[in-house]
Amino acid sequence: MAAELRHAADAGEIADLDADLAAFQIDAVLIAANIELRFGDEEAVNKVRRVTEGFLTPPR
């Protein structure tokens, strides 16, 4: 995942970031979302989207 994030950052598709840290963060958020979905949190997917968009959105 980190390699893909580096490629996307180099292409300007996402923000310039620490790809290894971002991959770790995405994995952690997805694990948390899986747990929340199992507990019935229907907003878990939207929460993941908001968290990841926050650090993947390229600068304007």
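**Overall picture**

The model is predicted, and every value below is computed from it. The secondary structure comes to three helices and zero strands, and the order of the elements from the N terminus is α-α-α. Along its principal axes, the C-alpha trace of the protein spans about 40 × 20 × 10 Å. Of the 60 residues, 27% count as buried, while the accessible surface of the protein comes to about 4,500 Å², with 55% of that surface belonging to carbon and sulfur atoms. Among contacts between residues at least 6 apart in sequence, 44% join residues that are at least 24 apart.

**The nonpolar core and the place of Ala2**

In soluble globular proteins, nonpolar side chains tend to be buried together. In this model the largest nonpolar core has ten residues, namely Ala2, Leu5, Ala8, Ala9, Ile14, Ala19, Ala22, Ala23, Ile26 and Leu56. The elements that give two or more residues to this core are H1 and H2.

Ala2, one of the core residues, is placed in helix H1, which covers residues 2-10. Its relative accessible area is 13%, and because buried means under 20%, Ala2 counts as buried. If residues up to four places away in sequence are not counted, Ala2 touches Ala19, Asp20 and Ala23. Ala19, also a member of the core, is in contact with Ala2, Leu5 and Arg6 when its neighbours within four places in sequence are left aside. As a view across the chain, the C-alpha atoms of Ala2 and Lys47 are separated by 21 Å, and these two residues are 45 residues apart along the chain.

**Salt bridges**

The count of salt bridges comes to two, and the table sets out the pairs with the distances between their nitrogen and oxygen atoms.

| Arg6 | Asp20 | 3.5 Å |

In the salt bridge between Arg6 and Asp20, the closest N and O atoms are 3.5 Å apart. Arg6 lies in helix H1 and Asp20 in helix H2, so this pair ties together parts that are 14 residues apart in sequence. Arg6 has a relative accessibility of 40% and therefore counts as partly exposed.

**Asp41 and the loop between H2 and H3**

Asp41 lies in the loop between H2 and H3. Besides the 2.7 Å polar contact that joins its side chain to that of Lys47, the side chain of Asp41 reaches the backbone nitrogen of Glu43 at 2.9 Å. When neighbours within four places in sequence are left aside, Asp41 is in contact with Glu36 and Lys47.

Phe39 is also placed in this loop, which runs between helix H2 (19-38) and helix H3 (44-56). Is Phe39 buried or exposed? Phe39 has a relative accessible area of 69%, so this residue counts as exposed. Together with Ile31 and Ile35, Phe39 forms a nonpolar patch on the surface, and the accessible area of these residues together is about 340 Å².

**Thr52 in helix H3**

Thr52 is found in helix H3 and, at 14% relative accessibility, counts as buried. Which backbone atoms does the side chain of Thr52 approach? The side chain of Thr52 reaches the backbone oxygen of Val48 at 2.9 Å, and the backbone oxygen of Arg49 lies 3.3 Å from a polar atom of the Thr52 side chain.

Notes. Residues numbered from 1 in each chain as written. Predicted model: local features only at pLDDT ≥ 70, side-chain atom pairs only at ≥ 80, totals over all residues. Heavy atoms only, no water. Patch = residues over 30% accessible without salt bridge, like charges linked within 9 Å, V, L, I, M, F, W, Y side chains within 5 Å. Areas by Shrake-Rupley, 256 points an atom, 1.4 Å probe, with all protein chains shown as cover. Salt bridge = Lys/Arg side-chain N within 4 Å of Asp/Glu carboxyl O. Helix = DSSP H or I, 4+ residues; strand = E, 2+ residues; numbered from the N terminus. Buried < 20%, exposed > 50% of the residue type's maximum accessible area, 1.4 Å probe, protein only. Contact = heavy atoms within 4.5 Å. Core = buried A, V, L, I, M, F, W, Y, C linked by side-chain atoms within 4.5 Å. Polar contact = N/O pair within 3.5 Å; in protein donor to acceptor, adjacent residues only side chain to side chain.
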